[in-house]
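Thank you all for making time this morning.

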Amino acid sequence: MPTPLDALVTHVTEVVLSGGSYVAPGNRILLQGLALSLRAQTILETGYDTGCTTMALAMTGAKRLVAVDNHHEHPELKVLARQRLAAFPTVELVNSDALLYLLEAASETFDLLFIDDCHEPGYLAYELEEACRLVRPGGCIVFHATLSLD
């Protein structure tokens, strides 16, 4: 008989092919641990794709989790994300360009920001500037797949 921990591990480590730069199950567990250690109550994720990472972050008990995606890549995956996240009432899925959302959000709004949308260095520089404005004191900003080979 599976235990609740077994179910949690199964959900968090689920492998789902996605359109973008995939967040590995181990990295999702690390993000969960980071959110828990920060006692993050408000989380922002950009580029939610299939919603696997969003679900892992939602399982931390944050009071508000905003997941932003522009739906330009693989819109069929967003249906899967909505289904996966339907059980989490604190998750808000936003259809928007991530940088536009960052520009419009209030300062010091989030305890944890996970930036995983556009991976172009020039775009990331703008996102970093805005993310620094949005993170609360003592919070954390995490970027995924930003290594440039230039």
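What you see is a predicted model, in which local features need a pLDDT of at least 70 and side-chain atom pairs count only at pLDDT 80 or more, while totals for chains, interfaces and linings use all residues. Residues are numbered from 1 along each chain as its sequence is written, and side-chain values use heavy atoms, with hydrogens and water left out.

On confidence, pLDDT is the predictor's own score for each residue, from 0 to 100, and the protein chain averages 85, with 83% of the residues scoring at least 70. Among the elements, strand β1, residues 42-46, has the highest mean pLDDT, at 97, whereas helix α1, residues 4-12, has the lowest, at 56. Where pLDDT is low, the predicted coordinates should not be read in detail.

Read along the sequence, the order is α-α-β-α-β-α-β-α-β-α-β. If we call two residues in contact when heavy atoms lie within 4.5 Å, then, of the contacts in the protein chain with a separation of 6 or more, 71% are accounted for by residues 24 or more positions apart.

I will say buried for under 20% relative accessible area, exposed for over 50%, and partly exposed for anything in between, with a 1.4 Å probe and protein chains only. On that scale, buried residues make up 43% of the 150 residues in the protein chain.

How many residues does the largest nonpolar core have? It has 18, and those with the most contacts inside it are I43, L57 and L65, where a nonpolar core is a set of buried Ala, Val, Leu, Ile, Met, Phe, Trp, Tyr and Cys residues joined through side-chain atoms within 4.5 Å. At least two residues of this core come from each of α2, α3, β2, α4 and β4, and the largest share, three residues, is supplied by α3. L57, leaving aside neighbours within four places in sequence, is in contact with L31, Q32, A35, I43, L65 and L112. Apart from this core lies another, of 16 residues, including L99, Y101, Y123 and V135.

Helix α4, residues 75-85, has L77, K78, A81, R84 and L85 buried. These residues sit on the same side of α4, because they cover an arc of only 120° around the axis, the arc being that of the directions from the helix axis to the C-beta atoms. What covers the buried residues of α4 includes α3, β2 and β3.

Let me now turn to the loops. R39, in the loop between α2 and β1, has a positive phi of about 55° although it is not a glycine, and R39 is exposed, at 68% relative accessible area. D49, in the loop between β1 and α3, also has a positive phi, near 50°, but D49 counts as buried, at 13%.

V23 lies in the loop between α1 and α2 and is buried, with a relative accessible area of 7%. V23 and H144 are 121 residues apart in sequence, yet 7.8 Å apart in space, C-alpha to C-alpha. Not counting residues up to four places away in sequence, V23 touches R28, T53, F114, D116 and H144.

I141, in strand β5, is partly exposed, at 23%, and is in contact with L113, I115, A131, C132 and V135 once neighbours within four places in sequence are left aside.

Finally, the cysteines. The structure holds zero disulfides, taking a disulfide as a pair of cysteine sulfur atoms within 2.5 Å. C52 is buried, with a relative accessible area of 3%, while C132 is partly exposed, at 46%.

Technical notes
Helices (H or I, at least four residues) and strands (E, at least two) are DSSP runs, numbered from the N terminus.
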